[in-house]
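Hi,

Here is the structure I promised you. Have a look at it first, then read my notes below.

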Amino acid sequence: MSDFYISLIPTDVNWQPTSAAATEAEAYVRRVFLDPDGVQQDVAVEFYDRITVVDAGENVQKITCPRCDRDIPLDWYEDLIEETEGEFDSLSVTVPCCETAVALDTLKFDWPSGFARFEIAVANPARAEYEFTPDEIGAVEAILGHPLRQVVAHI
């Protein structure tokens, strides 16, 4: 069985909120993502010690190089994530398409993906509109005090 995750991550890969702000953001997300049965979905807040991949999972079908605009083989990216266990101290890598050093967070994914040290996620949202609305993203940004981006993953 597959799982769906809707995540909000900071636009700055190293930024983390205070624990109080994260707790308040989690409470807000729980209010807007109601789970009437109390069993289907889960809301989680994660603070990561290292920069961690937050990608779209099976939704990602294409990655393009920001330097040469050629496609990067998905297996190269998947192997990199597996080798590093999805954690990084530096996002600098040499891409196979043009053998150029680029930052992983500059790769062009066909589905929004990212890297972060903080994430708030809803697993298997119970509501019909399963993504965060722009207003909800704005509310979480206001609580946390930092701009966010949304990642929709199918794992």
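Leu8 stands opposite Gln150 in β10. Strands here are DSSP runs of E, at least two residues long, and helices are runs of H or I, at least four; both are numbered from the N terminus. Strand β1 (residues 4-10) and β10 run antiparallel, joined by seven bridges.

This is a predicted model: local features need pLDDT of at least 70, side-chain atom pairs count only at pLDDT 80 or more, and totals for chains, interfaces and linings use all residues. Residues are numbered from 1 along each chain as its sequence is written, and side-chain values use heavy atoms, without hydrogens and water.

Now the sheet. Five strands make an open sheet, in the order β5-β2-β9-β1-β10, with antiparallel pairing. Because β5 (87-88) and β10 stand at the edges with a single partner strand each, one side of each has no neighbour in the sheet. Two strands pair if DSSP finds at least two bridges between them. Nine bridges join β2 (residues 42-54) to β9 (residues 114-123). Val45 has Ile120 in β9 as its bridge partner.

β10 covers residues 148-154, and six of its seven residues are buried (under 20% relative accessible area; over 50% is exposed, in between is partly exposed; 1.4 Å probe, protein chains only).

Last, the helix. α3 lies across β1, β9 and β10, at about 125° to β10. Axes are lines fitted to C-alpha atoms, for helices over the stretch in contact; angles run from 0 to 180 degrees between N-to-C directions. Glu136 sits in α3 (residues 134-144). Glu136 is buried, at 11% relative accessible area. Beyond four places in sequence, its contacts (heavy atoms within 4.5 Å) are Tyr28, Val32, Phe33, Arg127 and Glu131.

Best wishes
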